[in-house]
Amino acid sequence: MKILVIEDDTLLAQSLKTLLEGKGFQVETVYDGEAGVEYAELGVYDLLILDVMMPRLDGYQVARRVRARRCAVPILMLTAKSELEDRIEGLNAGADYYLTKPFDSRELLACINALLRRQGGQVDELVFGNTALDLASGMLVCGEKRVRLSAREFDVMRYLLQNREQNLSKEVILARVWGFDSNAVENHVEVYVGFLRKKLASIGSNIRIEAIRRLGYHLEVSPEC
């Protein structure tokens with residue numbers, strides 16, 4: 001699961017990053033509203049954690065812009081503004097939950113888990129064709145056969161399974177798996193897709209990772225299997 005923290009208080013942003021990474025999430029941070037919109041529009045995040053009082057664009061404006069682009073990512077709004085009118089404005093702007101500062105880390109984690117469950121983000125496995133990706137063990141399973149994936153292979157395969165027949169460009173996969181600020185290049189995607197194709201074949205999977213020029217990769221189920 002990948003979370004974007006949009007918070008101008010760098011100390012709080014880094015504290016949130018440390019907390020959430022300790023729980024197994026991938027976390028990226030930005031420190032103003034305009035950057036938050038730019039990152040959110042990549043469509044690679046499972047959750048946005050959004051402050052209200054920020055430079056350039058406030059949290060309400062960010063939420064409205066994200067929703068105007070029909071981005072359905074869950075938004076958890078964090079703010080010191082606790083009046084009823086403020087909460088109503090946040091929810092009307094497109095936030096899914098409004099948590100006031102100061103907050104207990106346990107409540108924050110409970111909110112995050114609830115929002116991800118609502119989106120179907122927390123499951124035990126992803127299944128397509130005759131193959132499953134076990135999210136707990138990081139293994140691809142086909143019948144009695146199974147193969148363990150590396151951490152990067154796992155992230156690429158999970159993203160492909162989450163989108164199935166939808167084409168994913170190399171740029172989007174890079175942003176989603178390696179991170180928006182990574183120095184990785186498109187060849188990294190090609191290499192890991194190659195690894196995954198070999199591992200799928202080794203267990204007799206009927207899943208194919210198809211490539212379409214200029215559009216990217218998607219999954220198909222072999223009709224002959």
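How much space lies in the largest cavity? About 60 Å³ lies there, in a model that is predicted rather than determined by experiment, where local features need pLDDT of at least 70, side-chain atom pairs count only at pLDDT 80 or more, and totals for chains, interfaces and linings use all residues. Residues are numbered from 1 along each chain as its sequence is written, and side-chain values use heavy atoms, with hydrogens and water left out.

A cavity here is a set of points, on a 1 Å grid over the protein atoms alone, where a 1.4 Å probe fits but cannot get out, and its lining residues have an atom within 4 Å of a point; the points are joined across faces, edges and corners, and the volume is the space filled by probe spheres set on them. The structure holds one cavity of 30 Å³ or more. The lining of the largest cavity consists of M1, K2, Q26, D46, D155, R158, Y159, Q162, R176 and V177. Sorted by class, these are three nonpolar, two polar and five charged residues, where Ala, Val, Leu, Ile, Met, Phe, Trp, Tyr, Cys and Pro count as nonpolar, Asp, Glu, Lys and Arg as charged, and the others, Gly among them, as polar. Helices α6 (151-163) and α7 (170-178) each supply at least two residues of this lining, and the largest share, four residues, comes from α6. Helices (H or I, at least four residues) and strands (E, at least two) are DSSP runs, numbered from the N terminus.

Strands of a sheet pair through backbone hydrogen bonds, either parallel or antiparallel, and two strands are taken as paired if DSSP finds at least two bridges between them. Five strands form an open sheet with parallel pairing, in the order β2-β1-β3-β4-β5. Because β2 (26-30) and β5 (97-100) stand at the edges with a single partner strand each, one side of each is left without a neighbour in the sheet. Between β4 (residues 75-79) and β5 there are four bridges in the parallel sense, and T79 has T100 in β5 as its bridge partner.

Another open sheet has four strands in the order β6-β7-β8-β9, with antiparallel pairing. Its edge strands, β6 (125-128) and β9 (145-148), each pair on one side only, and the twist averages 20° from one strand to the next. Strands β7 (residues 131-134) and β8 (residues 139-142) run antiparallel and are joined by three bridges, with D134 having M139 in β8 as its bridge partner. Helix α6 packs on this sheet, touching β6, β7, β8 and β9, and its direction makes about 125° with that of β7. Angles run from 0 to 180 degrees between N-to-C directions, and axes are lines fitted to C-alpha atoms, for helices over the stretch in contact; contact itself means heavy atoms within 4.5 Å.

Helix α8 (residues 186-202) lies across β7, β8 and β9, running at about 155° to β9. The axes of α6 and α8 come within 10 Å and cross at roughly 85°, which makes α6 roughly perpendicular to α8, a term used for angles of 65 to 115 degrees. In this contact R152, E153, V156 and M157 of α6 meet Y192, F195, L196, K199 and L200 of α8, and the residues divide into six nonpolar, no polar and three charged.

Terms used
On a 1 Å grid over the protein atoms alone, a cavity is a set of points where a 1.4 Å probe fits but cannot get out, and a pocket is an open set with protein on both sides within 12 Å along at least five of seven lines; lining residues have an atom within 4 Å of a point. Angles under 35 degrees count as roughly parallel, over 145 as roughly antiparallel, 65 to 115 as roughly perpendicular and the rest as oblique.
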